[in-house]
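Hello,

Here is the structure I promised to pass on. My notes on the ligand site and the salt bridges follow below it.

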Amino acid sequence: MRIDIISVLPELMESPFRTSILKRASDKGLAEVHFHSLRAYGLGKYRQIDDAPYGGSAGMVMMVEPLDRCISELKAQRQYDEVIYLTPDGETLNQKIANTLSTKKNLLFLCGHYKGIDQRVRELHITKEISIGDYVLTGGELAACVLADAVIRLLPGVLNDEQSALTDSFQDGLLSPPVYTRPAEYKGLKVPEVLLSGNFSKIEDWLHDEALKITQTKRPDLLQ
Ligand code: 6GU
């Protein structure tokens, strides 16, 4: 998979992609992430990328021309499966969206800033709009990192234990059951007997029951 990310602040995203699982994915050649500084496509001596909105409301708007030039240049080089605008008014990210995106080859992310992008950029290029929750961030960069992480960790070979993405919270629509490791007893707190029993079908049943109970308590909306 290849992900291109257009941003006014690409530096903000460097460290997540330089460490941990995202780094491993790129070292193994499973995911490449490329940053594109929108400033390089700005207009005039000052490389202008934003301007005051028509109609006179507060804040600045990202101009259509730099964005169109940058996106068009990338689109001329490869075919993107989705051109995704990260914005608080997009569809809220969930596991199903991440699963679907993880099957794609080329993704283009656009990080919004200020009061957003000129509407014509949406009409010309954007195929999907994604938010990471009902709160406002300074820009789309952190959201782009979240989305890239959620997608890249699903690519075959990225996680060490192939099983582990399948047993994540949300993959079966339930939260994860509790987990334990040694010691079997700590400060009087015991690991549930069934987990020590070696009876795998009983363990499976117990894990499923616990997942149901926890989901019912913490996130009953997931069971609807
Ligand atoms: Cl994608 N962008 C911004 N600026 N704020 C957000 C968001 C995105 N998702 C939630 N809040």
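Around the ligand there are 13 residues, the closest being Thr87, Ile132, Gly133, Tyr135 and Leu137; a residue is counted here if one of its heavy atoms lies within 4 Å of the ligand. This is a predicted model, in which local features need pLDDT of at least 70 and side-chain atom pairs count only at pLDDT 80 or more, while totals for chains, interfaces and linings use all residues. Residues are numbered from 1 along each chain as its sequence is written, and side-chain values use heavy atoms, with hydrogens and water left out.

Strands S5 (82–92) and S7 (128–131) each give at least two residues to the shell around the ligand. S5 supplies the largest share, three residues. Helices (H or I, at least four residues) and strands (E, at least two) are DSSP runs, numbered from the N terminus.

A backbone N or O atom of Tyr135 is 2.5 Å from a nitrogen atom of the ligand. For Ile132, a polar backbone atom lies 2.9 Å from a ligand nitrogen, and for Leu137 the corresponding distance is 3.0 Å. The protein covers 97% of the 290 Å² of accessible area that the ligand has on its own (Shrake-Rupley method, 1.4 Å probe).

Now to the charged pairs. The whole structure holds 13 salt bridges, each defined as a side-chain nitrogen of Lys or Arg within 4 Å of a carboxyl oxygen of Asp or Glu.

One of them pairs Asp4 with Arg78, with the closest N and O atoms 3.6 Å apart. This pair links distant parts of the chain, 74 residues apart: Asp4 is in strand S1 (residues 2–7), and Arg78 is in the loop between helix H3 (64–77) and strand S5. Both Asp4 and Arg78 are buried (under 20% relative accessible area; exposed is over 50% and partly exposed in between, with a 1.4 Å probe and protein chains only).

Another salt bridge joins Arg122 and Glu129, at 2.7 Å from N to O. Arg122 counts as buried because its relative accessibility is 18%, whereas Glu129, at 22%, counts as partly exposed.

In helix H8 (residues 200–218), Lys213 and Glu210 sit three residues apart, about one turn of the helix. Their closest N and O atoms are 3.0 Å apart in a salt bridge. Glu210 has 15% relative accessibility, so it counts as buried; Lys213, at 51%, counts as exposed. Elsewhere, salt bridges with shared partners connect Arg2, Asp4, Glu32 and Arg78 in one network.

Best wishes

Definitions and conventions. Polar contact = N/O pair within 3.5 Å; in protein donor to acceptor, adjacent residues only side chain to side chain.
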